[in-house]
Amino acid sequence: MQVRAGLQLWAQRAGAALRIEDDRSDPERAARLHAELEAAGCRLVLGPYGSDTTRACAGRGAVVWNHGAAADDVQRMAAVVSVSAPASRYLVALGRAVAELRAGARVAIAAGRGRFARLAAAGLEATAETLGLELLGRFPLTVPPERVLAAGADAVLACGPLQPEVALLRRLAALSPHTLLGGVSPGILAFPRQLGGDPDGFLAPVQWHHDLGAAPALGPPSAEVLRAARARGLLEAHYLAAQAYAAALVAERCGGLAPEVPLLAARELRTSTFFGRFRLDPRTGLQRGHRLSVVR
């Protein structure tokens with residue numbers, strides 16, 4: 001619903017006709033639909049949402065304007081143009097916040113077994129020393145919380161599937177109220193309900209927040225986007241809508257700069273939208289301009 005809303009807001013402002021297909025989060029179906037939309041003459045084909053589906057589309061050589069795949073290996077694919085920061089930067093953002101709140105903190109990582117969680121954990125492990133943090137190690141997301149706390153952690157940062165991440169954070173908060181706790185799940189709107197209690201104090205990385213107030217070089221400012229969203233009855237537009245809108249703005253600009261080779265234009269583009277800065281790493285293709293923020 002959020003992705004659809006973001007694309008509808010862009011289409012309304014751009015005067016574009018929008019066709020939305022449901023890939024049912026199935027990689028084969030996503031790749032087929034992507035090819036069909038290109039063959040039908042769509043000027044821009046945006047998405048899909050998710051690393052597995054995006055990987056399948058790009059694997060067939062299609063240019064993918066990526067707003068929903070943060071996995072580093074997907075962003076590195078030659079035909080993928082990403083607007084969001086990669087997975088390897090998620091826990092780095094949280095680590096940076098912990099370092100500002102508690103210099104020299106001892107940090108434990110609780111990570112799931114999935115690809116996203118492994119990339120996020122590896123990113124922090126590679127930068128913890130630079131941030132001035134003492135890393136106590138990587139624990140399974142299903143680890144008993146007493147074991148993590150026994151290691152002497154000043155902060156515990158979690159990354160993994162929603163339910164086990166929330167369950168661990170809930171138990172850690174009950175056992176040790178003074179420990180800094182962060183994860184990906186506190187960044188979603190449903191986190192307070194999932195937690196079943198007051199979420200005060202939890203840290204979360206976010207791709208976008210409307211209070212950042214970026215002055216974009218391309219497209220409308222956040223305030224205008226929020227007004228348009230509220231006019232359509234969307235009271236809570238969050239990062240899923242924002243990054244979909246931003247991907248459409250970037251794709252539209254690249255198509256205007258180089259209609260025959262928009263991918264080349266994307267590789268060279270340096271700009272900003274209300275979502276944040278846009279710049280692809282010329283060597284890897286990872287999104288390097290956009291930076292994750294942290295909410296507490």
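**Exercise 1. Surface**

Task: State how much accessible surface this predicted model has, and what share belongs to carbon and sulfur atoms.

Solution. Start with the total: the accessible surface of the protein is about 13,800 Å². Then take the share: carbon and sulfur atoms hold 50% of that surface. Now turn to burial. A residue counts as buried when its relative accessible area is under 20%. Buried residues make up 51% of the 296 residues.

**Exercise 2. Overall form**

Task: Compare the radius of gyration of the protein with that of a compact globule.

Solution. Take the chain length first: 296 residues. For that length, a compact globule would have a radius of gyration near 19 Å. The protein has 19 Å, which agrees. Along the principal axes, the C-alpha trace covers about 60 × 40 × 35 Å. Finish with the elements: there are twelve helices and ten strands.

**Exercise 3. Contacts across the sequence**

Task: Find what percentage of contacts join residues at least 24 apart.

Solution. Keep contacts between residues at least 6 apart in sequence. Of these, 63% join residues at least 24 apart.

**Exercise 4. Charges**

Task: Count the positive and negative side chains, and say how far apart the centres of the two sets lie.

Solution. The protein has 34 positive side chains and 26 negative ones. The centres of the two sets are 1 Å apart.

Key
Residues numbered from 1 in each chain as written. Predicted model: local features only at pLDDT ≥ 70, side-chain atom pairs only at ≥ 80, totals over all residues. Heavy atoms only, no water. Helix = DSSP H or I, 4+ residues; strand = E, 2+ residues; numbered from the N terminus. Rg over C-alpha atoms; globule rule 2.2 N^0.38 Å. Buried < 20%, exposed > 50% of the residue type's maximum accessible area, 1.4 Å probe, protein only. Contact = heavy atoms within 4.5 Å. Areas by Shrake-Rupley, 256 points an atom, 1.4 Å probe, with all protein chains shown as cover. Lys, Arg positive; Asp, Glu negative; His and termini not counted. Charge placed at Lys NZ, Arg CZ, Asp CG, Glu CD.
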